[in-house]
Amino acid sequence: MRISVVRIVAVVALSVLGASVLNLTFSSPLLFPVVLFSIAVSLSLSRGFVRALPVVVGIGLTADIATLGRIGLLAAFSAGVAYVAGFISRRFTVEHGLMMHVFAGFLVGAGALWFLAVSSWFDGSNLFPTISWGRAVPAIGMGIVSFTVMSAILSRFEQWLSYFDSPNAF
Amino acid sequence: MNPQGLSHSKFFRIVIVFSILFGFAWWNPAPVDSFLRGVFHTVFSPVEKVFSGVAFGFRDMREFISSIGNLKRENERLSEENVRLLAENAGLAFLRDENETIRKTVGLDIRKRFDMLSAEVIAAGGEGGHGFVVIDRGSMQGVVTGMSAVVGEGVLVGVVDEVYPASARVAFVTNSESALGGVTVGSGTKGIVRGDRGLGISYSMVLQADPLSQGDRVVTSGAGGTVPSGLLIGSVSSIRDSGDRLFREASILSPADFGKLRFLYLIRKEQSL
């Protein structure tokens, strides 16, 4: 019960962080999707796609509501990148640690670019032709950094939760 | 694979989940979306206010630190600028009087003209992160849908399109869904002001015969009755023919920096003068 409350608070805090901090402080529209997809990939790699899916969809929907976009779009893309991460997770785990971050960063960056393009298409314009390597490389770089940070934070968070849930805590 | 195995496969799950979520985003039911956003931004409005305060503080600090390195260069530039501005000052004295006349003509003396409500931005999003903002005023403070949001001396930045109990959503004029009537100051050329993917503003449906030139200031025409007339939208920056060449269209440069807005005013009603 306590853990569920903490998880829900964390999801809400993440969504408010996206809408009220990242979107207000930085001009890059890629930043919050990159952070969100990094979390989706990290969850899918650490828990497995099937166990991660409900959490990923929950985070995505909350983020959709908080960030004023079309409800369902961030959640759909989060689920998509989580599935792809789960699908190629064997490659992630057998490869060298650095390559895992590169794979994950590529997935996150490409997912964020496609999310922006689809989002613009919903709004009546077409950004698909603007997707190029010139834009993809910084997005992938952001994805690598974000995945490294978010996977570390999630790992610490899960450790803290397991301690929090132990009978002797407090 | 047998049917039961298929229904439990990862691929089957992702197809179902993705279809439902993508379908919902496609459908985009405004009442449901508005209700969900209303609940979220009402419950978490205080948290958003704290987070946005931290964000604005961080942004100010970042801008201050990045400006330190430019101080010497900035100082030299300002010295040169000062000499040039002294020369221009004499000419501007004449233009000031002319400007005052225009302001009175088109009604830009905004504080005398409107009853206004101040608001602070607490969240942003949509259309690349800058299509909408959430403000800390809602129906409890008398905010209603259709109120115009302005900054400075009557520069229109958006219109309230969703109202929650303690907060409201403002759709920027740069938003793709935004469309309102505009007219140029002086020549009176009418057109439609539309948002462009959250990135800019276009001025379309301008008749080929009507005069339009770079630098013309575009204000709201008041057509439709929702947005008052005479609010500055921006100045014409580039002009081109429309696709069918029946009309002309232009890009409008707004004096407001939509990515850095913190405070804005909502127009409650027009004062009787």
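At what angle do α1(A) and helix α3 (residues 49-66) of chain A pack, and how far apart are their axes? The two helices pack at an angle of about 40 degrees, with their axes 9 Å apart. Axes here are lines fitted to C-alpha atoms, for helices over the stretch in contact, and angles run from 0 to 180 degrees between N-to-C directions. Helices (H or I, at least four residues) and strands (E, at least two) are DSSP runs, numbered from the N terminus. This is a predicted model, in which local features need pLDDT of at least 70, side-chain atom pairs count only at pLDDT 80 or more, and totals for chains, interfaces and linings use all residues. Residues are numbered from 1 along each chain as its sequence is written, chains are lettered from A and ligands numbered from 1 in the order in which they are written, and side-chain values use heavy atoms, with hydrogens and water left out.

The crossing of α1(A) and α3(A) is right-handed; a crossing has this hand if the near helix is turned clockwise from the far one by less than a right angle, and is left-handed if anticlockwise. On the α1(A) side, A:Val11, A:Val12, A:Leu14, A:Ser15 and A:Ala19 meet A:Gly58, A:Ile59, A:Thr62, A:Ala63 and A:Ala66 of α3(A), contact meaning heavy atoms within 4.5 Å. This contact has seven nonpolar, three polar and no charged residues. In this scheme Ala, Val, Leu, Ile, Met, Phe, Trp, Tyr, Cys and Pro count as nonpolar, Asp, Glu, Lys and Arg as charged, and the others, Gly among them, as polar.

Helix α1 (residues 2-25) of chain A also meets helix α7 (residues 133-165) of chain A, where the axes come within 10 Å and cross at roughly 150 degrees. That makes α1(A) roughly antiparallel to α7(A), a term for angles over 145 degrees. The crossing is again right-handed. From α1(A), A:Arg2, A:Ile3, A:Val6, A:Arg7 and A:Ala10 take part, and they meet residues of α7(A) including A:Phe157, A:Trp160 and A:Phe164. The residues of this contact divide into seven nonpolar, no polar and four charged.

A further helix pair joins the two chains. α6(A) and α2(B) pack at an angle of about 40 degrees, with their axes 10 Å apart, and α6(A) passes α2(B) in a right-handed crossing. A:Val118, A:Trp121 and A:Phe122 face B:Phe22, B:Ala25 and B:Trp26 in this contact, which has six nonpolar, no polar and no charged residues.

Over all chains the structure holds 16 aromatic pairs, counted for rings of Phe, Tyr and Trp (its six-membered ring) with centres within 6.5 Å; planes under 30 degrees apart count as stacked, over 60 as edge-to-face and the rest as tilted. The rings of A:Phe122 and B:Phe22 have centres 5.5 Å apart and planes at 50 degrees, so this pair is tilted. A:Phe122 has 12% relative accessibility and therefore counts as buried, with buried meaning under 20% relative accessible area, exposed over 50% and partly exposed in between (1.4 Å probe, protein chains only).

Chain B has six helices and 12 strands, and buried residues make up 40% of its 273 residues. B:Met205 lies in strand β8 (residues 200-207) of chain B and has a positive phi, near 60 degrees.

Conventions. Parallel < 35°, antiparallel > 145°, perpendicular 65-115°, else oblique.
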